[in-house]
Amino acid sequence: MYAQSIRSTGKAVQSLEDMSAEDRQFQERINRGEKIEPKDYMPAAYRENLIRQIGQHAHSEIVGQLPEGNWISRAPTLERKANLLAKVQDEAGHGLYLYCAAETLGVSRDDLFGMLHTGKMKYSSIFNYPTLTWADMGAVGWLVDGAAIMNQVPLQNTSYGPYARAMVRICKEESFHQRQGFHIMIAMAKNGNDEQHRMAQDALNRFWYPSLMMFGPSDKDSVHSAQSMAWKIKMNTNDELRQKFVDATVPQAEFLGLSIPDDHLNWNEKTNQYNYSEPDWNEFNDVLAGNGPCNTERLDARKKAWSDGAWVREGMMAHAAKKAERKAERQAV
Ligand code: 3HC
């Protein structure tokens, strides 16, 4: 079982027979669908891999506020502004649930932020692209949140309890985000004037392939999938989810009267799914290496937010220390 020799956290996936007794019991719990809780035994690599994935996910939620925050003051109506503001606030909340889930694995939030700021931990590639027009708010909700949901709904069944429970609430809110994005696209692409339709098409053209990249490299290049799936940290491969996303999104584009920017897109009667063109993986690797259009801007914004908030953290620490001191004094009397 799990005999694939695919590289994952540096090692091949071990078979049950090759595991220590403790690791075998752990794997059997996972295979039975039991949830692993913070105080339960877990192999060090399971813990590390979860911290990596949950941390990257948390950072994505937080950095993901930036491209949309850019449009709050320029939303076309009060209702759109309120919706966008609520959405951006939700993303902050998602980041916080996920940081809390990561903290249950013994990593501190300061360390997680430190790893983001020094580039040791990643955040989703998608947030390194600019949002140039209001139609991009529609495309981000429709495509980016749509891709996020496709990935995150199965994660509600992930093996680590705190992560799975955080995903339940996150998915409910993400589905509101996807709908508000699609609603903007309907207003512009279906019910709007020619110029609004053109803006919606332009937003789809720019966000289509970066959205496909959100699912990660193709399965043959994914280093973590085999082990993460054996541990049910991931429930599907990158290509499986990318295909599901394409199959769900193409009819939505048709409904909107928009064209997916892929000349090779066609329905495959045999597989009952769309054939589509792969994204440019050189571009993906470039963005991951820090060379996307907005990498520097995004990271600088996060580092500035961290240093601007230093006085708040210091004040809260001083307050907590004072409270602890008073409590100790009362107990001593
Ligand atoms: N952006 C940045 N890095 C990516 C990436 C992407 N789109 N896709 C893959 N990578 C990185 C991986 O992190 C890994 O690098 P690392 O070893 O330094 O961590 C490397 O590329 C190899 O990829 P793998 O396929 O081996 O990595 P994973 O098995 O971790 O799969 C994943 C990648 C599918 C993104 C998986 O980590 C996952 O499902 N994560 C949870 C969901 C998540 O993080 N979503 C972020 C989306 S944005 C969001 O949720 C905000 C919302 O409000 C829109």
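**Questions and answers on a predicted model**

Q: Does Trp 306 count as buried, exposed or partly exposed?
A: The relative accessibility of Trp 306 is 26%. Buried means under 20% relative accessible area and exposed over 50%, with partly exposed in between (1.4 Å probe, protein chains only). Trp 306 therefore counts as partly exposed.

Q: Where in the chain is Trp 306 placed?
A: First, some ground rules: this is a predicted model, in which local features need pLDDT of at least 70 and side-chain atom pairs count only at pLDDT 80 or more, while totals for chains, interfaces and linings use all residues. Residues are numbered from 1 along each chain as its sequence is written, and side-chain values use heavy atoms, with hydrogens and water left out. Helices (H or I, at least four residues) and strands (E, at least two) are DSSP runs numbered from the N terminus. On that basis, Trp 306 is placed in residues 295–308, helix α12.

Q: Which residues are in contact with Trp 306, leaving aside its neighbours within four places in sequence?
A: Contact means heavy atoms within 4.5 Å. With the neighbours within four places in sequence set aside, the partners of Trp 306 are Asp 110, Phe 113, His 117 and Arg 313.

Q: How many Å apart in space are Trp 306 and Gly 114, C-alpha to C-alpha?
A: In sequence, 192 residues separate Trp 306 from Gly 114. In space, their C-alpha to C-alpha distance is 9.7 Å.

Q: Are α2 and α4 roughly parallel or antiparallel?
A: Two packed helices are described by the angle between their axes and the distance between the axes. Here the axes are lines fitted to C-alpha atoms, for helices over the stretch in contact, and angles run from 0 to 180 degrees between N-to-C directions; under 35 degrees counts as roughly parallel, over 145 as roughly antiparallel, 65 to 115 as roughly perpendicular and the rest as oblique. Helix α2 (residues 44–63) packs on helix α4 (residues 78–103) at an angle of about 160 degrees, with the axes 8 Å apart. That makes the pair roughly antiparallel.

Q: Is the crossing of α2 and α4 left-handed or right-handed?
A: A crossing is left-handed if the near helix is turned anticlockwise from the far one by less than a right angle, and right-handed if clockwise. For α2 and α4 the crossing is left-handed.

Q: How many nonpolar residues does the contact of α2 with α4 have?
A: The α2 side includes Ile 54, Ala 58 and Ile 62, and these are among the residues that meet an α4 side including Ala 92, Leu 98 and Tyr 99. Ala, Val, Leu, Ile, Met, Phe, Trp, Tyr, Cys and Pro count as nonpolar, Asp, Glu, Lys and Arg as charged, and the others, Gly among them, as polar. By class, the contact of α2 with α4 has two charged residues, four polar and, as nonpolar ones, eight.

Q: How many charged residues are in the contact of α4 with α5?
A: The axes of α4 and helix α5 (residues 109–117) come within 9 Å and cross at roughly 110 degrees, so the two are roughly perpendicular. The crossing is right-handed. Leu 96, Tyr 99, Cys 100, Ala 102 and Glu 103 of α4 make the contact with Arg 109, Leu 112 and Phe 113 of α5. By class, this contact of α4 with α5 has six nonpolar residues, no polar ones and, as charged ones, two.

Q: What is the phi of Lys 232 near?
A: Lys 232 lies in the loop between α9 (225–230) and α10 and is partly exposed, with a relative accessible area of 23%. Its phi is positive in a residue other than glycine, near 55 degrees.

Q: Does Gln 243 count as buried or exposed?
A: Gln 243 is placed in helix α10 (residues 238–256) and touches Gln 273, Tyr 274 and Tyr 276, not counting residues up to four places away in sequence. At 14% relative accessibility, Gln 243 counts as buried.
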